[in-house]
Amino acid sequence: MSAPTLTASSLTPYDAVLLLSFGGPEQPEDVLPFMRNVTRGKGIPEERLVEVSQHYALFGGRSPINDQNRALLAALRAELDARGVDTPLAWGNRNWEPYTDGALADLRERGAQRVLALVTSAYGSYSGCRQYREHVAAALAGVAGEAETPADPEAAAGVRVDKLRHYFNHPGFVRANADAVVEAFTDLAARTGRPVADVVADAPLLFVTHSIPLAMEAGSAAARPGYVAQHEDACTQVAALVAADLGVAPSWTLAFCSRSGPPSQPWLEPDVNDVLAERAQDGVTAVVMSPIGFVSDHMEVAYDLDTEAMATAADLGITAVRAGSASTRAPFVAGLVDLLLERAAAERGEEPARTTVGGLGAWPDRCAVGCCFQRAGVDTGTPAVAGQDSRTHDETTSEGAAAR
């Protein structure tokens with residue numbers, strides 16, 4: 001299985017591509033201000049922020065995410081250049097420098113009127129989709145000099161921002177994760193001195209993603225298959241590629257990490273540490289953990305898996321190997337560029353192939369009405385861009401584009 005490689009001389013009608021990410025602190029004095037940005041309005045006490053900030057202290061007060069975004073930007077630039085695409089790339093974060101409003105203001109000053117945002121979240125949920133769409137709307141209001149976000153922030157700012165469709169089931173993302181899992185099983189076989197096929201047969205594969213509240217999971221499933229279903233579809237496809245590569249199908253489980261919020265609020269389970277304990281009770285002595293829910297090895301991976309889960313495994317007598325993420329692996333980067341070119345072609349009125357794997361098909365280019373509310377059916381009225389219900393000015397593309 002491989003994605004078709006598209007070539008084009010430009011991303012017309014887009015003037016620029018915006019890598020849109022979460023952001024993270026780059027020095028110890030950034031940590032608490034960053035965490036206040038992330039948790040603003042959520043009622044989380046300061047002492048809890050101080051407690052969690054100690055996670056960053058283990059890594060010198062610096063999150064790896066910004067460096068990984070820089071690496072992804074460089075890889076995307078190289079791939080675009082190799083295909084003769086000279087469209088500018090920019091980078092903006094929700095929660096730390098460089099901020100999205102600054103990136104959009106700079107693009108507007110350089111003459112950009114249409115921007116295609118690539119979000120570093122492969123799956124659909126409030127935190128991975130709609131929250132970014134709301135964030136861009138607020139950033140555009142800032143660019144326009146508006147104190148509050150207007151109903152049509154794009155018109156106010158003079159910049160239209162579209163969002164790339166979810167890519168959890170794109171061949172490039174799936175292949176990159178499968179390659180990482182194959183490498184991890186090969187590493188585990190070397191550590192244990194056993195044939196790879198035997199290790200795959202005996203060592204469970206734990207796919208791990210960020211937990212979210214059950215209410216948010218329900219919101220993600222209001223218009224399309226939800227957050228969990230998307231992950232299960234991706235896991236199934238990755239496991240199938242691993243089986244094809246290694247000759248043995250791994251047994252796998254989807255587990256969760258990074259739960260937060262009050263204990264009274266139900267979140268997705270099981271936690272990865274609980275799964276490790278259950279596997280130890282079953283007599284398992286080795287596992288592979290794959291961070292399927294994360295595009296790169298940022299803090300949730302560095303702390304929750306590489307630190308906390310690894311310590312749990314060691315305490316249980318389990319040899320654990322953590323697979324890499326999609327990161328800047330060639331299939332993933334090429335797949336993202338394919339998706340950028342796909343969307344540009346659609347906006348030009350063409351009918352490009354919507355390449356996916358698995359059983360869920362391609363997500364629409366513009367999020368459906370009611371998509372990914374924080375709670376199912378609860379519309380807070382917060383303005384958002386890049387949805388079928390979010391744009392009030394006239395369409396500039398072919399008839400029916402809003403439904404694509």
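Guide: Angles between axes count as roughly parallel under 35 degrees, roughly antiparallel over 145, roughly perpendicular from 65 to 115, and oblique otherwise. The model is predicted: local features need pLDDT of at least 70 and side-chain atom pairs 80 or more, while totals for chains, interfaces and linings use all residues. Residues are numbered from 1 along each chain as its sequence is written, and side-chain values use heavy atoms, without hydrogens or water.

Helix H1 spans residues 31–39 and helix H2 residues 46–57 (DSSP runs numbered from the N terminus: helices H or I of at least four residues, strands E of at least two). Their axes lie 10 Å apart and meet at about 120° (lines fitted to C-alpha atoms over the stretch in contact, with angles from 0 to 180 degrees between N-to-C directions). H1 and H2 are therefore oblique to each other.

From H1, the contact (heavy atoms within 4.5 Å) draws on Val 31, Leu 32, Phe 34, Met 35, Arg 36 and Thr 39. H2 contributes Glu 46, Leu 49, Val 50, Val 52, Ser 53 and Tyr 56. Of these residues, eight are nonpolar, two polar and two charged (Ala, Val, Leu, Ile, Met, Phe, Trp, Tyr, Cys and Pro are nonpolar, Asp, Glu, Lys and Arg charged, the others, Gly among them, polar).

Elsewhere, helix H11, residues 272–281, lies across strands E5, E6 and E7 and runs at about 140° to E6.
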